[in-house]
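Work through the exercises below with the structure open. Each task is followed by a stepwise solution.

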Amino acid sequence: MLSDKFISRHNGPREHELPYMLKTIGVDSLEEMIEKTIPRSIMLEKPLRLPEAMNEFEYLNYIKSIGRKNKMFRSFIGQGYYGVALLSVITRNVLENPSWYTSYTPYQAEISQGRLEALLNFQTMIIELTGMEIANASLLDESTAAAEAMIMMFNARSRTSVKAGANKFFVDDDIFPQTLDVIKTRSQPLGIELVTGKYTAAVFNESFFGSLVQFPSASGQVRDYKAFADLAHSSGILVGVAADLMSLALLTPPGEWGADIVVGSNQRMGLPMSFGGPHAGFFATKDELKRNMPGRIIGISVDEQGNTALRMALQTREQHIKRERATSNICTAQALLATMSGMYAQYHGPEGLKNIANHIHNSACTINFNLKGSGIRQLNSSFFDTLRISPGTGVSVDTVRKLALEAEMNFYYPDDGTVIISTDEITTIKEIDTIVNIFIKAAGKEKVKIDSYCHCEILEEKFVRKSPFLQGGTFNRYHSETEMMRYIKMLERKDFSLTHSMISLGSCTMKLNPASSMFAMSWPEFGNIHPFVPKDQALGYYQIMDELGEALKEITGFSAISFQPNSGAAGEYTGLMVIREYHITKGEKNRNVVLIPSSAHGTNPASAAMAGMQIIVVECDDKGNISVEDLKKKAEDHKDNLAGFMITYPSTHGVFESAVKEMTDIVHLNGGLVYMDGANMNAQVGLTNPGHIGADVCHLNLHKTFAIPHGGGGPGMGPILTNNKLAEFLPSHHFVKTGGSHGTTAVAGAPFGSGHILTISHAYVMMLGSFGLTQATKYAILNANYIAASLKGWFKTLYSGTEGFVAHEMILDCRNFKTEAGIAEADIAKRLMDYGFHAPTLSFPVHGTLMVEPTESESLQELDKFIRAMKSIWNEIEEIKNGKADKEDNVLHNAPHTVRVVTANEWNHSYDRQKAAFPLAWVAENKFWPSVGRIDDGFGDRNLVCTCNSIDIYRQETLKQ
């Protein structure tokens, strides 16, 4: 019905089921449960002041009207963002498909083989186009990837260089301005000195450790960097290159002329501009540097049966292992976008990519030829897609701008005497004709007619790529839509997502991603907007940011917001940089100590280290709470240098700590500020908030609390919100006015991060409204406590609040099973796959445990299935413990069981096939079969292979059998 409210579709449990759930928990009402869970001292007295909730029909009409406010002018601005021809087969079957966008980061590799293969294809594409030896499975964007390259070079310094104090990083002055800004931001707290200048004039000595150039340069010139790379290497200096990936189908790849690291953006490989994102950044390097590389790497291994299987390799580099010793805080990447761009390369193949690159280049050549024919100077002697045009003596750039806008076109105007134009794969001959005649008209010359492309040879032979690329079968097999569709479906069937069942990952909030919130992701009104267009061309986006921003300020109790951080970890870093800037402005640069609880997520200390902070760990007591006594002591011990305190609330242990206000007061009394990690905001919305608790700044994971899907490992958004005293330090941007009056330099390439996915959180907030958002929080807490209560007597909930209740998640203690039956938490995780469930979070934040977060979106029926599965597994452990099942050959040690294993002619196990595959009756009704058995992690690391060629060979051999 038109009057249906979305909250009834979003929350899982039905109203008539509440009495039973509450009785199981041991309370009489939802309100009683909340009162016993959240300390009264931090509860909000009034409901959120938000617009009345819209139903789905109303919202879809509303967002369409907002989209019409964006002007879809043709943007030839370039600078890292270009027009693309989206591929319908990928849009329809991946971007719009919940089986792809609702999956999680592939930590449980046995049920993630589809997206792991897609990411392996992405890595292969990057390696072969760049001419490098190894690549990761994406970073956030080009600018942050360049900054990560700088930090990686810094951390890879030899002992001699470290001893010599080498801290200088050379950056050529013709790189994208937003990239230079992000590099500035990242370098300052680490004591890295940036030296900018012309690459031809670079002079190196022992004080330098690394360098970065752009290829082609930001102004469009294709340059010969070979001598520069040789000079750098002769001084022991690493060479980084920010490259245009599409150009490398035509130009000699950096790996062939001396690059040590190549970074960039995959945006023009089939991803819309989307007002700045999300897009996949890429990062490739030499094999010798692989263990310093940030982000995730997909590698090939084998399962227990010896079958080829994929997994995330070198996982010990993750932040929850290294914490403050981590060299990067990268957590969320851009997996969904990497998948799409890899498939774009598969669909087009190497010849198709060459044709696209040649079209882009020929479009630029045609403009160049006709401008010169009309006496208008184009300053780049060698170029791929970008022209640097001098309109001529007496011709104002403003005149060109006016004529371009009249033609509904955007160019880039770097200074008063220059216009830069970048062509793309969708540039037409009609547009070329319009562009040329804009300059001719501005110069008062006679109009020309252009009706064909030039095929001029502007590139010197040394710049033309001669090496083959993407010769493997996966890039040469799926060129018809039918074959591509079936390939995507084959991968999809190997992957577990929310379309199958609950994903109860603690601290990950795998809630419903509403269908109505996802439509705008495919609409050109949002996809075709360049991030650097004039504000009046993006009024729809600004309205979304205004409305969502006001709602988030009300929800958090803060007064200012920045949407620039494009992941949760990026939000942490940005918040800490804002705190750092605040202290520096007050003349207290010495304040660099940050207190972090031992229970914190690993990105907290990693982000603090990147922000140049000294990390002091605050211990927790035996109930899992932060020790107030230890916090007080350490705050007082460091009061002269205290910068801040990072706290997650409710805690990562799944508890609303009653002393939280006392803790924030202690920090403030000792001169520090409080940073709240918003990872667990799903338990706060509408009931309490960071500002009310006493925090000064927080970040929000919009891909958790506010319904942006996880996409198999990204995209994400991590906006930060602050109180009044920190608002002036919010990050700025080179191209667009944003941030505070004394804002830090940029933390991301685009001024508003991954702007396009803000439409999802906007929909979520607008369709739920004040009552719906608050009810969602209550139901998240309800579902968690129902599971905890239902598993009493089977699994111990490790921590709870003063009244015995958990927040929105709980930690189940599995440590006793190891000594009693030889069963580890990983065995339980793998066995859950046989029951049709994704494992909860494994061994975090406490080793030997499972952290469960059901979210508000799961129904009572789904919760009960999970509970029955866990009890059944407990009984299976009891059978081992009591000698009824073999201690080695049992259903847990051998899990997961694949269809190949279960249907094989030989069955040599001490238990039967039905127990292996269909342990409970309902499992057979909708069985998800893991496509591989348990994977050998050690084999994959010892034999690191990160390209898809061996998968091709394996698949071809299988087809022949």
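## Salt bridges, a sheet and a patch

The structure, a predicted model, holds 41 salt bridges.

**Exercise 1.** Determine which parts of the chain the salt bridge between R74 and D424 ties together.

*Solution.* 
- Start with the contact: the two side chains meet at 3.0 Å, N to O.
- Place the residues. R74 lies in strand 1 (residues 74–75), and D424 in the loop between strand 15 and helix 15, so the pair ties together parts 350 residues apart in sequence.
- Check burial: both R74 and D424 are buried.

**Exercise 2.** Classify K511 and E856 as buried or exposed.

*Solution.* 
- Buried means under 20% relative accessible area.
- K511 has 1%, so K511 is buried.
- E856 has 0%, so E856 is buried too.
- Their side chains meet in a salt bridge (2.8 Å, N to O).
- This pair links distant parts of the chain, 345 residues apart.

**Exercise 3.** Locate K447, and state whether it is buried or exposed.

*Solution.* 
- K447 sits in the loop between helix 15 (429–442) and helix 16 (481–493).
- Its relative accessible area is 65%, so K447 is exposed.
- K447 forms a positive surface patch with K430, K441 and K449.

Definitions and conventions: Residues are numbered from 1 along each chain as its sequence is written. This is a predicted model: local features need pLDDT of at least 70, side-chain atom pairs count only at pLDDT 80 or more; totals for chains, interfaces and linings use all residues. Side-chain values use heavy atoms; hydrogens and water are left out. Patches are made of residues with over 30% relative accessible area and no salt bridge: like charges are joined within 9 Å, nonpolar side chains (Val, Leu, Ile, Met, Phe, Trp, Tyr) within 5 Å. Accessible areas come from the Shrake-Rupley method with a 1.4 Å probe; for residues, only the protein chains shown count as cover. A salt bridge is a side-chain nitrogen of Lys or Arg within 4 Å of a carboxyl oxygen of Asp or Glu. Lys and Arg count as positive and Asp and Glu as negative; His and the chain ends are not counted. The place of a charge is taken as NZ of Lys, CZ of Arg, CG of Asp or CD of Glu. Helices (H or I, at least four residues) and strands (E, at least two) are DSSP runs, numbered from the N terminus. Buried means under 20% relative accessible area, exposed over 50%, partly exposed in between (1.4 Å probe, protein chains only).
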